[in-house]
Amino acid sequence: MNIIIREAKIIDSKSPFHNKTVDILIVDGFIKKIGNSLPNLEKADELSLDNLHVSQGWFDSSVSLGEPGFEDRETISNGLNVAAKSGFTAIALQPNSFPIIDNQSQVNFVVNKAHGFATQLFPIGALTKGSEGKDMAELYDMKKAGAIAFGDYTKSLNNANLLKIALQYVQDFDGLVIAFAQDENIKGNGVANEGVVSTRLGLKGIPNLGEELQIARNLFLLEYTGGKLHIPTISTKKSVQLIKEAKANGLNVTCSVAVHNLVLTDEKLEEFDTRAKVSPPLRTETDRKALLKGIKDGTIDMITSDHNPIDIEHKKMEFDTAKNGTIGLESAFGALMTVLSLETVIEKLTSGKTTFGIDIQTINEGSKANITLFNPEPKGIFTKSSILSKSKNSAFLGTEIKGKVHGIVNQGQLILA
């Protein structure tokens, strides 16, 4: 594939062309030339789009796809196409399929399924067998097969000693442990954030304390063992403070926040819409503002869509019994642009590559073409017609968005939305 991208404004703080509007010539998957009014000597296809901006390809650190086992929710092939058209050149796949991705053969299966797509898939292996929290899974074998980290999706590890052993064990091969934080005993039968809204609606509450106690415990374990720990999808003001203090004390800890926790609050539950039932739950405006502050001051390392397709049979039901989860790939950029600056959004959609050991390709001559194409300006409403996923369980339906994703260039392919 040879292509010239015309008059594109580069948003890449690591590139010498940052904030410059230029032409980009891509030949055989690599950036051959960047400049003004480049001649088309290669007889390349030309791409010209209104107010076109480009950045390093975006990376999503938490994506569920269903396959194998839950293909009715989403398949790997369609999920990767959705990711590409949503601006993501790479995703980390959660292990919550059926069977759970907890061994080398399961890692090989999803890696082979993803071969040849423009969006690259990097598997997360389960930390424990069957994600049951009892016995450690085959971490080293999964690492050799291509797993980039180990964690049990939306499940906290109650056994502190098992987490301690895992943190010690993975240091032999520079592994990354992911520790979701939610004390199940404190959560109990809770289904929504504990507060004014849950009380008014008669929903059982999940206290902030359940997340914060678990984070504090896990940080103590990390201090004891050393190693690398990633805390995904934090949701409370106190969680941000705990991680900020841990980083100041020199601990090797990173964290992420989900788009919906940055944009929405528990007020979204007023109509008992189960599409807004997520884990961790939507919190208060105070928590949302603290998360935004944590993004801006660097405490929170990355933003994830936490894309989790759920079939209608498990969503269109009583709030108490509906499954947690919202899709988020399609709405991620547009929703973030309503609460953060463009440069911050791009930084937090690309910075996770460092944590997960994924190669970073700056936009420069000689680099591999790993690029996201977008227009940051158009405003609109996120509607069902915007959803490309097989499942339609989006918490953002009917909300305002800003910006339009045009697609990606990666793996020698151009994918346009």
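1. A quick term before we start: a residue is buried when its relative accessible area is under 20%, exposed when it is over 50%, and partly exposed in between (1.4 Å probe, protein chains only). By that rule Gln182, at 3% relative accessibility, counts as buried.

2. Keep in mind that this is a predicted model, where local features need pLDDT of at least 70 and side-chain atom pairs count only at pLDDT 80 or more, while totals for chains, interfaces and linings use all residues. Residues are numbered from 1 along each chain as its sequence is written, and side-chain values use heavy atoms, with hydrogens and water left out.

3. Back to Gln182: you'll find it in the loop between strand E10 (177–178) and helix H5 (184–187). Helices (H or I, at least four residues) and strands (E, at least two) are DSSP runs, numbered from the N terminus. Setting aside neighbours within four places in sequence, Gln182 has contacts (heavy atoms within 4.5 Å) that include Ser156, Ile206, Gln214 and Pro280. Gly87 is 95 residues from Gln182 in sequence and 30 Å from it in space, C-alpha to C-alpha.

4. Now strand E1 (residues 2–11). Seven of its 10 residues are buried, so E1 is largely enclosed by the rest of the structure. Strands pair here if DSSP finds at least two bridges between them. E1 runs antiparallel to strand E2 (residues 21–27), with six bridges, and Ile5 sits opposite Ile24 of E2.

5. E1 has parallel partners too. Three bridges link E1 to strand E4 (residues 45–47), where Ile4 faces Glu46. Another three connect E1 with strand E5 (residues 53–56), again in the parallel sense, and there Lys9 stands opposite His53.

6. Have a look at helix H10 (residues 285–296) as well. Just past H10, Gly298 adopts a positive phi of about 90 degrees.

7. Last, Tyr169. This residue lies in helix H4 (residues 160–169) and, at 33% relative accessibility, counts as partly exposed.
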